[in-house]
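Subject: Structure for your review

Dear colleague,

Please find the structure below, with the sequence alongside.

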Amino acid sequence: MSEARLKSVQCSSPAGLHRIAYKEWGDPDNPRVLVCVHGVTRVADDFDALARDLCDHYRVVCPDVAGRGRSGRLADPQLYALPQYVADMVTLIARVTANGEDKVHWFGTSMGGLIGMVLASLPQSPITRMVLNDIGPTLDGAALARIADYIGQDLRFPDYASGARFVREVSASFGPHSDEQWDKLAADVLRQEPDGQWVRHYDLALAQPFKTMGVERAKQDEAALWRAWDAIACPTLLVRGADSDLLSHETAQLMTTRGPKPRLVEIAGVGHAPTFVQPEQIAIARTFLTA
(Lines give C-alpha, C1' and ligand atoms only; values in the text may rest on other atoms or scores of the structure.)
Protein backbone atom coordinates (compact mmCIF):
# COMPACT_ATOMS: atom_id res chain seq x y z
CA MET A 1 0.00 0.00 0.00
CA SER A 2 2.22 2.76 -1.32
CA GLU A 3 -0.36 5.55 -1.27
CA ALA A 4 -1.37 7.52 1.79
CA ARG A 5 -4.78 7.72 3.40
CA LEU A 6 -5.78 11.16 4.73
CA LYS A 7 -7.36 11.04 8.19
CA SER A 8 -7.87 13.29 11.20
CA VAL A 9 -8.49 13.14 14.93
CA GLN A 10 -10.16 15.67 17.23
CA CYS A 11 -7.95 17.10 19.96
CA SER A 12 -8.57 19.54 22.77
CA SER A 13 -6.80 22.57 24.18
CA PRO A 14 -7.65 25.03 26.97
CA ALA A 15 -9.09 27.26 24.23
CA GLY A 16 -11.36 24.62 22.66
CA LEU A 17 -11.28 21.78 20.14
CA HIS A 18 -9.24 21.42 16.97
CA ARG A 19 -8.54 18.71 14.43
CA ILE A 20 -5.16 17.18 13.72
CA ALA A 21 -4.85 15.84 10.18
CA TYR A 22 -2.50 12.99 9.38
CA LYS A 23 -1.36 10.81 6.51
CA GLU A 24 -1.30 7.06 7.08
CA TRP A 25 0.76 4.70 4.96
CA GLY A 26 0.90 0.90 4.86
CA ASP A 27 -1.31 -1.90 6.12
CA PRO A 28 -4.02 -0.30 8.32
CA ASP A 29 -3.97 -3.39 10.53
CA ASN A 30 -0.21 -3.41 11.07
CA PRO A 31 0.44 -3.09 14.84
CA ARG A 32 3.94 -1.71 14.18
CA VAL A 33 3.45 2.06 14.02
CA LEU A 34 6.02 4.72 13.13
CA VAL A 35 5.06 8.33 13.87
CA CYS A 36 6.94 10.97 11.84
CA VAL A 37 6.68 14.61 12.92
CA HIS A 38 7.95 17.57 10.89
CA GLY A 39 9.77 20.81 11.66
CA VAL A 40 8.26 24.11 12.74
CA THR A 41 7.19 25.41 9.31
CA ARG A 42 6.95 22.12 7.42
CA VAL A 43 4.22 19.50 6.92
CA ALA A 44 3.44 15.79 6.99
CA ASP A 45 4.17 15.54 3.24
CA ASP A 46 7.88 15.94 4.03
CA PHE A 47 7.91 12.24 4.92
CA ASP A 48 6.35 10.88 1.72
CA ALA A 49 9.61 9.31 0.49
CA LEU A 50 10.52 7.91 3.91
CA ALA A 51 7.00 6.56 4.44
CA ARG A 52 6.91 4.84 1.05
CA ASP A 53 10.16 3.10 1.87
CA LEU A 54 9.16 2.03 5.37
CA CYS A 55 5.48 1.15 4.90
CA ASP A 56 6.41 -2.45 4.11
CA HIS A 57 7.49 -2.75 7.74
CA TYR A 58 5.35 -0.15 9.53
CA ARG A 59 2.05 1.61 9.43
CA VAL A 60 3.56 5.08 9.03
CA VAL A 61 1.61 7.99 10.55
CA CYS A 62 2.59 11.54 9.60
CA PRO A 63 0.61 14.36 11.25
CA ASP A 64 0.40 18.03 10.43
CA VAL A 65 1.06 19.69 13.79
CA ALA A 66 -1.63 22.18 14.89
CA GLY A 67 -1.62 25.37 12.83
CA ARG A 68 0.08 23.74 9.85
CA GLY A 69 -1.01 22.11 6.62
CA ARG A 70 -4.38 20.40 6.79
CA SER A 71 -4.71 20.64 10.59
CA GLY A 72 -6.84 23.15 12.47
CA ARG A 73 -5.55 26.34 14.02
CA LEU A 74 -5.52 27.09 17.73
CA ALA A 75 -7.81 29.80 19.10
CA ASP A 76 -5.08 30.99 21.48
CA PRO A 77 -1.73 31.47 19.68
CA GLN A 78 0.19 31.19 22.98
CA LEU A 79 -0.71 27.50 22.92
CA TYR A 80 1.58 26.93 19.92
CA ALA A 81 4.16 25.32 22.19
CA LEU A 82 5.46 21.92 23.27
CA PRO A 83 2.86 21.13 25.99
CA GLN A 84 -0.01 21.40 23.49
CA TYR A 85 1.87 19.57 20.75
CA VAL A 86 2.70 16.70 23.12
CA ALA A 87 -0.93 16.47 24.25
CA ASP A 88 -2.09 16.33 20.62
CA MET A 89 0.38 13.54 19.84
CA VAL A 90 -0.84 11.53 22.85
CA THR A 91 -4.35 11.76 21.41
CA LEU A 92 -3.14 10.81 17.95
CA ILE A 93 -1.18 7.82 19.24
CA ALA A 94 -4.22 6.64 21.21
CA ARG A 95 -6.21 6.72 17.95
CA VAL A 96 -3.70 4.93 15.74
CA THR A 97 -2.86 2.23 18.33
CA ALA A 98 -6.43 1.60 19.45
CA ASN A 99 -6.46 -1.94 18.03
CA GLY A 100 -3.01 -2.99 19.17
CA GLU A 101 -0.23 -2.17 21.58
CA ASP A 102 0.00 1.45 22.66
CA LYS A 103 3.65 1.58 21.58
CA VAL A 104 5.20 3.40 18.64
CA HIS A 105 8.52 4.24 17.07
CA TRP A 106 9.22 7.93 16.44
CA PHE A 107 11.00 10.02 13.83
CA GLY A 108 11.17 13.72 14.65
CA THR A 109 12.74 16.49 12.60
CA SER A 110 13.62 19.67 14.50
CA MET A 111 10.39 20.63 16.32
CA GLY A 112 9.12 17.09 15.78
CA GLY A 113 12.23 15.87 17.59
CA LEU A 114 11.56 18.18 20.55
CA ILE A 115 8.01 16.81 20.80
CA GLY A 116 9.44 13.29 20.74
CA MET A 117 12.04 14.11 23.39
CA VAL A 118 9.40 15.39 25.82
CA LEU A 119 7.01 12.50 25.13
CA ALA A 120 9.76 9.87 25.38
CA SER A 121 10.85 11.28 28.75
CA LEU A 122 7.47 10.72 30.41
CA PRO A 123 6.72 7.68 32.59
CA GLN A 124 4.96 4.95 30.60
CA SER A 125 5.82 6.73 27.34
CA PRO A 126 4.49 5.04 24.19
CA ILE A 127 7.79 5.70 22.36
CA THR A 128 10.07 2.66 22.36
CA ARG A 129 12.57 3.65 19.63
CA MET A 130 13.38 7.11 18.31
CA VAL A 131 15.26 9.04 15.62
CA LEU A 132 15.99 12.70 16.36
CA ASN A 133 16.82 14.73 13.27
CA ASP A 134 19.04 17.78 13.93
CA ILE A 135 17.66 18.82 17.30
CA GLY A 136 18.71 18.80 20.95
CA PRO A 137 18.17 20.50 24.31
CA THR A 138 20.61 23.35 23.61
CA LEU A 139 19.95 25.32 20.44
CA ASP A 140 21.89 28.20 18.92
CA GLY A 141 20.30 31.52 19.90
CA ALA A 142 21.08 33.28 16.61
CA ALA A 143 19.58 30.41 14.61
CA LEU A 144 16.43 30.47 16.76
CA ALA A 145 16.12 34.23 16.22
CA ARG A 146 16.46 33.73 12.46
CA ILE A 147 13.72 31.08 12.49
CA ALA A 148 11.42 33.23 14.66
CA ASP A 149 11.78 36.18 12.26
CA TYR A 150 11.14 33.98 9.24
CA ILE A 151 8.02 32.39 10.73
CA GLY A 152 6.16 35.65 11.27
CA GLN A 153 6.69 37.25 7.86
CA ASP A 154 3.41 37.66 5.93
CA LEU A 155 4.85 36.82 2.54
CA ARG A 156 2.72 36.73 -0.59
CA PHE A 157 3.83 35.69 -4.05
CA PRO A 158 2.18 36.66 -7.34
CA ASP A 159 2.64 33.17 -8.79
CA TYR A 160 3.74 29.69 -7.79
CA ALA A 161 7.16 30.04 -9.42
CA SER A 162 8.01 33.05 -7.22
CA GLY A 163 6.97 31.18 -4.09
CA ALA A 164 8.92 28.09 -5.12
CA ARG A 165 12.07 30.16 -5.67
CA PHE A 166 11.69 31.65 -2.20
CA VAL A 167 11.27 28.23 -0.56
CA ARG A 168 14.35 26.94 -2.37
CA GLU A 169 16.43 29.95 -1.29
CA VAL A 170 15.47 29.86 2.39
CA SER A 171 15.81 26.07 2.48
CA ALA A 172 19.31 25.93 1.02
CA SER A 173 20.60 24.44 4.28
CA PHE A 174 18.61 21.27 3.47
CA GLY A 175 21.51 20.35 1.19
CA PRO A 176 21.64 19.21 -2.46
CA HIS A 177 18.35 18.16 -4.07
CA SER A 178 17.18 17.63 -7.63
CA ASP A 179 14.91 20.21 -9.28
CA GLU A 180 12.03 17.75 -8.90
CA GLN A 181 12.71 17.34 -5.18
CA TRP A 182 12.93 21.11 -4.67
CA ASP A 183 9.62 21.52 -6.47
CA LYS A 184 7.93 19.06 -4.14
CA LEU A 185 9.45 20.69 -1.05
CA ALA A 186 7.92 23.97 -2.25
CA ALA A 187 4.57 22.60 -3.43
CA ASP A 188 4.00 20.93 -0.08
CA VAL A 189 4.11 24.25 1.80
CA LEU A 190 2.54 26.74 -0.64
CA ARG A 191 -1.19 27.41 -0.92
CA GLN A 192 -3.07 29.58 -3.43
CA GLU A 193 -5.43 32.23 -2.03
CA PRO A 194 -8.78 33.11 -3.68
CA ASP A 195 -7.17 36.28 -5.09
CA GLY A 196 -4.62 34.15 -6.92
CA GLN A 197 -1.64 34.94 -4.69
CA TRP A 198 0.46 32.18 -3.14
CA VAL A 199 1.18 32.02 0.60
CA ARG A 200 2.75 29.63 3.05
CA HIS A 201 0.50 27.00 4.58
CA TYR A 202 0.66 27.83 8.28
CA ASP A 203 -0.92 30.16 10.83
CA LEU A 204 1.36 33.21 11.09
CA ALA A 205 0.39 33.41 14.78
CA LEU A 206 2.90 30.57 15.32
CA ALA A 207 5.45 33.35 15.75
CA GLN A 208 3.79 34.87 18.82
CA PRO A 209 5.27 32.49 21.45
CA PHE A 210 8.73 33.13 19.98
CA LYS A 211 8.27 36.90 20.22
CA THR A 212 7.18 36.80 23.87
CA MET A 213 9.97 34.50 25.06
CA GLY A 214 12.57 36.29 27.16
CA VAL A 215 16.10 35.24 28.00
CA GLU A 216 15.14 33.82 31.41
CA ARG A 217 12.32 31.74 29.95
CA ALA A 218 14.66 30.41 27.27
CA LYS A 219 17.13 29.31 29.95
CA GLN A 220 14.35 27.58 31.88
CA ASP A 221 13.15 25.78 28.77
CA GLU A 222 16.68 24.60 27.95
CA ALA A 223 17.14 23.24 31.48
CA ALA A 224 13.78 21.45 31.22
CA LEU A 225 14.78 19.87 27.91
CA TRP A 226 18.03 18.56 29.41
CA ARG A 227 16.03 17.04 32.28
CA ALA A 228 13.77 15.41 29.71
CA TRP A 229 16.80 14.16 27.77
CA ASP A 230 18.29 12.58 30.88
CA ALA A 231 14.99 10.76 31.54
CA ILE A 232 14.83 9.06 28.12
CA ALA A 233 15.66 5.37 28.15
CA CYS A 234 14.56 4.10 24.72
CA PRO A 235 17.11 3.33 21.97
CA THR A 236 17.77 6.60 20.14
CA LEU A 237 19.61 7.68 17.01
CA LEU A 238 20.75 11.29 16.75
CA VAL A 239 21.23 12.66 13.23
CA ARG A 240 22.89 16.01 12.66
CA GLY A 241 23.51 17.98 9.50
CA ALA A 242 27.28 18.50 9.65
CA ASP A 243 26.79 22.19 8.75
CA SER A 244 23.82 22.76 11.08
CA ASP A 245 23.60 26.21 12.66
CA LEU A 246 20.92 25.09 15.12
CA LEU A 247 22.43 22.00 16.74
CA SER A 248 26.17 22.35 17.34
CA HIS A 249 28.61 19.46 17.08
CA GLU A 250 29.54 20.07 20.74
CA THR A 251 25.92 19.76 21.92
CA ALA A 252 25.43 16.63 19.83
CA GLN A 253 28.54 15.05 21.33
CA LEU A 254 27.34 15.92 24.85
CA MET A 255 24.00 14.29 24.09
CA THR A 256 25.79 11.01 23.33
CA THR A 257 27.09 10.92 26.92
CA ARG A 258 23.75 11.54 28.67
CA GLY A 259 20.21 10.23 28.71
CA PRO A 260 19.71 7.51 26.08
CA LYS A 261 23.36 7.93 24.95
CA PRO A 262 22.45 7.75 21.27
CA ARG A 263 24.65 6.91 18.36
CA LEU A 264 25.44 10.09 16.43
CA VAL A 265 25.42 10.27 12.63
CA GLU A 266 26.49 13.51 10.96
CA ILE A 267 25.58 14.05 7.31
CA ALA A 268 28.16 15.96 5.29
CA GLY A 269 27.11 18.86 3.08
CA VAL A 270 23.83 19.42 4.93
CA GLY A 271 22.80 22.02 7.49
CA HIS A 272 19.47 22.28 9.27
CA ALA A 273 17.99 19.85 8.56
CA PRO A 274 18.44 16.65 6.54
CA THR A 275 15.19 16.03 4.63
CA PHE A 276 15.43 12.22 4.44
CA VAL A 277 14.24 12.17 0.86
CA GLN A 278 17.63 10.97 -0.41
CA PRO A 279 18.09 7.16 -0.55
CA GLU A 280 21.27 7.24 1.54
CA GLN A 281 19.53 9.23 4.29
CA ILE A 282 16.47 6.97 4.22
CA ALA A 283 18.80 3.97 4.61
CA ILE A 284 20.20 5.46 7.83
CA ALA A 285 16.71 5.65 9.34
CA ARG A 286 15.60 2.26 8.04
CA THR A 287 18.66 0.44 9.38
CA PHE A 288 18.18 1.86 12.88
CA LEU A 289 14.40 1.70 13.13
CA THR A 290 13.99 -1.84 11.85
CA ALA A 291 16.96 -3.30 13.71
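The model is predicted. In it, strand E6 (residues 127-133) runs parallel to strand E9 and is joined to it by four bridges. One of the residues involved is asparagine 133, whose bridge partner in E9 is valine 239. E9 also pairs in the parallel sense with strand E10 (residues 263-267), here over five bridges. Valine 239 takes part again, with valine 265 as its bridge partner in E10. Together with helix H9 (residues 249-255), E9 and E10 form a β-α-β unit that is right-handed.

E9 itself is covered on both faces: Thr236, Leu238 and Arg240 are buried on one side, and Leu237, Val239 and Gly241 are buried on the other. Because six of the six residues of E9 (residues 236-241) are buried, the strand is largely enclosed by the rest of the structure.

Turning to the nonpolar cores, the largest has 50 residues, of which Trp106, Ile115, Ile127 and Met130 touch the most other members.

Finally, the second largest pocket has a volume of about 190 Å³. It is lined by 16 residues, and Pro28, Arg59, Arg95, Val96 and Asn99 are the closest to its centre. Strand E2 (16-25) and helix H2 (82-96) each contribute at least two residues to this lining. By class, the lining of the second largest pocket comprises six nonpolar, four polar and six charged residues.

Yours sincerely

Definitions and conventions
Residues are numbered from 1 along each chain as its sequence is written. This is a predicted model: local features need pLDDT of at least 70, side-chain atom pairs count only at pLDDT 80 or more; totals for chains, interfaces and linings use all residues. Side-chain values use heavy atoms; hydrogens and water are left out. Buried means under 20% relative accessible area, exposed over 50%, partly exposed in between (1.4 Å probe, protein chains only). Two strands pair if DSSP finds at least two bridges between them. A crossover is right-handed if, with the strands pointing away from the viewer, the path from the first strand over the helix to the second runs clockwise. A nonpolar core is a set of buried Ala, Val, Leu, Ile, Met, Phe, Trp, Tyr and Cys residues joined through side-chain atoms within 4.5 Å. On a 1 Å grid over the protein atoms alone, a cavity is a set of points where a 1.4 Å probe fits but cannot get out, and a pocket is an open set with protein on both sides within 12 Å along at least five of seven lines; lining residues have an atom within 4 Å of a point. Grid points are joined across faces, edges and corners, and a volume is the space filled by probe spheres set on the points. Ala, Val, Leu, Ile, Met, Phe, Trp, Tyr, Cys and Pro count as nonpolar, Asp, Glu, Lys and Arg as charged, and the others, Gly among them, as polar.
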